[in-house]
Amino acid sequence: SMVAALASKEAEEARQNDAMVDAGREQLARLQLQSEAIGRISNSDALLTGNVARLSREVTEEAARVTGVARANVWLFNEDETELRCIDLYEANTGTHTAGTIRRQEHFENEFRALKHARHVDVDDPMTDPRTTGYIEAYLKPLHITSMLDTVLQVSGKHLGLLCFEHVAQPHHWERDEITFASQLADKIGLAITNRTRQQALEKL
């Protein structure tokens, strides 16, 4: 009947409104956590003194805590941008930091190309995304990475490396605020690199 159809339509609209309110609440909670994390990183001694390794450890821990990723890592390019070296990998489930893995350009050609023209690569399904097909066998499969967000570290337009967020064994769609948060954290690492360069120049005087 017409009445039943109207009631059903109203119930559906109420459900959609509730879902929007919930999504809005979730986003506000995320923004609050992100803002607090950026505040802590901004006040870090490691940022001011240009201690890039220590700041990277602080950033990856904050990133994992706020976004819920299992893995957060920082990579720096070599001089000619043909390979990336991991200076910090934080694994949330064990609370451990490691470093030293190398990613070479031949494995990451598609993503490297994408990152030359974009600030980030957000991949909800790395197994099928053309930008990440180069390292399915060597990296994604063995680590069970199901969703990744890679953000460029840059200073004065030069690409210095990447900040990577990786979900393991769970699907995830990257929200705009998470992408912004990653860019803000990447900027802090870029600033630490600048401060380190300045510090080294002063020591040479």
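Student: Asn78 is found in the loop between S1 and strand S2 (83-91). Why is Asn78 called partly exposed?

Tutor: Asn78 has 26% relative accessibility. Buried means under 20% relative accessible area, exposed over 50%, and partly exposed in between (1.4 Å probe, protein chains only), so Asn78 counts as partly exposed. Strands are DSSP runs of E, at least two residues, and helices runs of H or I, at least four, numbered from the N terminus. This is a predicted model, where local features need pLDDT of at least 70 and side-chain atom pairs pLDDT 80 or more, while totals for chains, interfaces and linings use all residues. Residues are numbered from 1 along each chain, and side-chain values use heavy atoms, without hydrogens and water.

Student: What lies 2.9 Å from a polar atom of the side chain of Asn78?

Tutor: The backbone nitrogen of Thr82.

Student: What makes Cys86 and Cys164 buried?

Tutor: Cys86 is at 3% relative accessibility, so Cys86 counts as buried. Cys164 has a relative accessible area of 0%, so Cys164 is buried too.

Student: Which element supplies the largest share of the lining of the largest pocket?

Tutor: H6 does, with 4 residues. A pocket is an open set of points on a 1 Å grid where a 1.4 Å probe fits, with protein on both sides within 12 Å along at least five of seven lines; lining residues have an atom within 4 Å of a point. Asn78 is among the lining residues.

Note on methods
A polar contact is a pair of N or O atoms within 3.5 Å; within protein, one must be able to donate a hydrogen and the other to accept it, and residues adjacent in sequence count only if both atoms are side-chain atoms.
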